[in-house]
Amino acid sequence: MKPLKIFYLSSEIHPFSNTYSLAKFSKLFGSYLNEKQDIDIRLCQPKYGYISDRKYILREVIRLKDLEIDFLGKKHISNLKSAFIPETRVQIYFMEHPDYFKDVQDLLYKSRNGRLFQNNHEKFLFFIYNSFETLKKLFWVPDVIVCNDWQMSLLSIIFNEKYKQNEIFKNTKIVTMIHSYSDLYSYPNQLFKDLDLSYDSKLKAQNAFSISSEYSSLNYIFDNDESLIKQLSKSPKNKKLLSKRKNKVVKNFESLVTSEKIEVFDKIINDFKALIEK
């Protein structure tokens with residue numbers, strides 16, 4: 001039986017980057033799935049400027065060197081390097097780009113004075129598009145692509161409108177994991193226009209949670225102390241979306257003991273397997 005192939009995309013993975021619960025979740029989830037003999041998981045995050053090549057032994061991947069991609073009307077060159085999460089055999093790819101990621105410091109989304117970077121949405125959209133080009137160069141097609149939070153949540157619509165028609169991705173499923181909710185889930189309409197993506201022109205901005213709920217095959221909402229569901233439910237549309245069967249809520253994940261977290265991961269694995277068997 002062929003292994004279940006999972007491509008896991010996150011803006012941060014501990015210990016390389018760590019601003020909130022997403023980072024440690026990504027390490028824990030990736031490490032557990034990597035131990036399964038019937039799963040082939042590969043992780044990918046941006047190569048922020050402060051991440052040390054020497055400390056983490058990042059190595060060049062020849063076939064992922066000097067990748068060319070057209071994005072927002074401009075040709076871009078990026079590189080990907082490979083490493084392992086320390087003290088594990090979990091492979092992780094780091095995406096380098098001189099404009100979007102090189103100057104980013106450890107707060108990731110904002111400067112030291114607390115001001116959010118203006119290109120937050122744009123740089124992670126670039127990361128998404130370039131991830132698909134990476135897969136083409138690797139000749140490795142995942143059964144499931146897992147994307148996390150506002151940074152990756154537009155992957156579902158991008159996949160459906162730009163890549164699903166490609167023969168190599170015809171059986172790939174998209175799963176979105178939600179760990180937080182903030183104003184950053186609101187994406188400007190102009191980016192949808194520039195990227196030729198469908199959007200509701202009646203709205204001043206597009207809600208990424210609504211989009212992932214519509215286009216992903218599954219959504220997991222990791223609700224710690226039930227505050228996340230309360231935040232999402234403030235929007236009537238989101239509240240209605242939460243009732244969909246494909247939106248699965250995991251309550252108080254961070255307070256679970258290790259054995260209970262493993263039970264959650266095993267259920268997710270079974271969901272993935274059921275998804276690709278449809």
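**Reading aromatic pairs in a predicted model**

Modeller: Phe 265 is buried, at 1% relative accessible area; buried means under 20%, exposed over 50% and partly exposed in between, with a 1.4 Å probe and protein chains only. This is a predicted model, in which local features need pLDDT of at least 70, side-chain atom pairs count only at pLDDT 80 or more, and totals for chains, interfaces and linings use all residues. Residues are numbered from 1 along each chain as its sequence is written, and side-chain values use heavy atoms, with hydrogens and water left out.

Biologist: How many aromatic pairs are found in the whole structure?

Modeller: Rings of Phe, Tyr and Trp (its six-membered ring) pair if their centres lie within 6.5 Å; planes under 30 degrees apart count as stacked, over 60 as edge-to-face and the rest as tilted. The search finds 32. In one of them, the ring centres of Phe 29 and Phe 265 are 5.2 Å apart and the planes are at 75°, so this pair is edge-to-face.

Biologist: Where do Phe 29 and Phe 265 lie?

Modeller: Helices (H or I, at least four residues) and strands (E, at least two) are DSSP runs, numbered from the N terminus. Phe 29 is in helix α1 (residues 21-34) and Phe 265 in helix α10 (residues 258-277), so the pair ties together parts 236 residues apart in sequence.

Biologist: Is Phe 29 buried or exposed?

Modeller: Phe 29 is buried, at 0% relative accessibility.

Biologist: Which geometry do Phe 71 and Tyr 129 show?

Modeller: Their pair is tilted, with 5.7 Å centre to centre and 55° between the planes. Phe 71 is in strand β4 (residues 67-71) and Tyr 129 in helix α3 (residues 120-138). Both Phe 71 and Tyr 129 are buried.
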